[in-house]
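Q: I'm new to this one. Can you show it to me and take my questions as they come?

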Amino acid sequence: MSSKVIAIDGPAASGKSTAAAGVARALGIPYVNTGSLYRAVALLAGNELDPVPERVLSRLQLAYLRNADGEFELAIDGRFPGAVLRRPEIAAGASRVATQPAVRAALLELQRKMAENGWLVMEGRDIGTVVFPDAAFKFFITASPEERARRRLAQAGETPDGATLEEVAAEIRKRDEQDAGRAVAPLRPAPGAVLVDTTDLTAEAVKRRILNLVERSVCTTK
């Protein structure tokens, strides 16, 4: 029996977070951004990233709780870190800690437990390949590096002040290579995943494309 998970994977700034949040909202089910989990580890580890100390991993208290707006948001020790997780240095740290087997093992059980209470949307880089290879639905969202750079520049706090489109696109390509070439859970489409190139699509069109495939199943079995 497949897990009641809509797995949405893809590289940075591909539009997967926007798509996942929109789909979850439309279906009235939880949305889990697993990238935030790795950012949280990077935040908690501070300067101790290579490797993250066991004392940090053994004390992780991460949960998706409803915030004041009723939306699911990552809480660390019961508190919402908010915009801190979107700082460029935290994003860079998340990519570094995500290559570490100990970090991935510490978070894997947590991610799987989140699906025990019914349907949810989970997005990241290895949801359909590692976390939920039995997910009921799998999608791989992508876009050109240039378009992803434009999106990243448009997000406040995601890039250093004065960063150019060319610099951000180069950094995105570098991260793609790192994520695709890592030994642990490399970034790649899961077998059977539906590929969605969002370069020339609006967020609404991406959301609707996914909903057209999953809506009936989710709404009849919630």
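Q: Where does Ala 75 lie?
A: Ala 75 lies in strand β4. Helices (H or I, at least four residues) and strands (E, at least two) are DSSP runs, numbered from the N terminus.

Q: Before we go on, what kind of model is this?
A: This is a predicted model, where local features need pLDDT of at least 70, side-chain atom pairs count only at pLDDT 80 or more, and totals for chains, interfaces and linings use all residues. Residues are numbered from 1 along each chain as its sequence is written, and side-chain values use heavy atoms, with hydrogens and water left out.

Q: Back to Ala 75. Buried or exposed?
A: Ala 75 counts as buried, at 2% relative accessibility. Buried means under 20% relative accessible area, exposed over 50%, and partly exposed in between (1.4 Å probe, protein chains only).

Q: What does Ala 75 touch?
A: Leaving out residues up to four places away in sequence, Ala 75 touches Gln 61, Leu 62, Ala 63, Leu 65, Phe 80 and Pro 81. Contact means heavy atoms within 4.5 Å.

Q: And how many residues apart are Ala 75 and Ser 17?
A: They are 58 residues apart in sequence. In space, Ala 75 and Ser 17 are 17 Å apart, C-alpha to C-alpha.

Q: Is Asp 77 buried or exposed?
A: Asp 77 counts as exposed, at 52% relative accessibility.

Q: What about Ala 13, what is its phi?
A: Ala 13 is not a glycine, yet its phi is positive, about 60°. Ala 13 is found in the loop between β1 (3-9) and α1 (16-27). Ala 13 is buried, with a relative accessible area of 15%.

Q: Which peptide bond is cis?
A: The one from Asp 50 to Pro 51, with omega near -5°. Pro 51 lies in the loop between α2 (34-45) and α3 (54-57).

Q: On to helix packing. At what angle do α7 and α8 pack?
A: At about 115°, with their axes 8 Å apart. Helix α7 covers residues 145-154 and helix α8 covers residues 165-181. Axes are lines fitted to C-alpha atoms, for helices over the stretch in contact, and angles run from 0 to 180 degrees between N-to-C directions.

Q: What do you call that arrangement of α7 and α8?
A: α7 and α8 are roughly perpendicular to each other. Angles under 35 degrees count as roughly parallel, over 145 as roughly antiparallel, 65 to 115 as roughly perpendicular and the rest as oblique.

Q: Which residues make the contact?
A: From α7, Pro 145, Glu 146, Arg 148, Ala 149, Arg 150, Arg 152 and Leu 153. From α8, Leu 165, Val 168, Ala 169, Ile 172, Arg 173 and Asp 176. The contact of α7 with α8 divides into seven nonpolar, no polar and six charged residues. Ala, Val, Leu, Ile, Met, Phe, Trp, Tyr, Cys and Pro count as nonpolar, Asp, Glu, Lys and Arg as charged, and the others, Gly among them, as polar.

Q: Which residues of α7 are buried?
A: Glu 147, Arg 148, Ala 149 and Arg 152. What covers the buried residues of α7 includes α8.

Q: How do α4 and α8 pack, at what angle?
A: About 20°, with axes 10 Å apart. α4 and α8 are therefore roughly parallel to each other. Ala 91, Ser 95 and Arg 96 of α4 meet Arg 175, Gln 178 and Asp 179 of α8. The contact of α4 with α8 divides into one nonpolar, two polar and three charged residues.

Q: And at what angle do α2 and α5 cross?
A: Roughly 135°, and their axes come within 11 Å. That makes α2 oblique to α5. Thr 34, Leu 37, Tyr 38 and Val 41 in α2 meet Val 103, Arg 104, Leu 107, Leu 110 and Gln 111 in α5. The contact of α2 with α5 has six nonpolar, two polar and one charged residue.

Q: Last one: how many aromatic pairs?
A: The count comes to one aromatic pair. Trp 119 and Phe 137 form it, 6.1 Å centre to centre with 35° between the planes, and the pair is tilted. Rings of Phe, Tyr and Trp (its six-membered ring) pair if their centres lie within 6.5 Å; planes under 30 degrees apart count as stacked, over 60 as edge-to-face and the rest as tilted.
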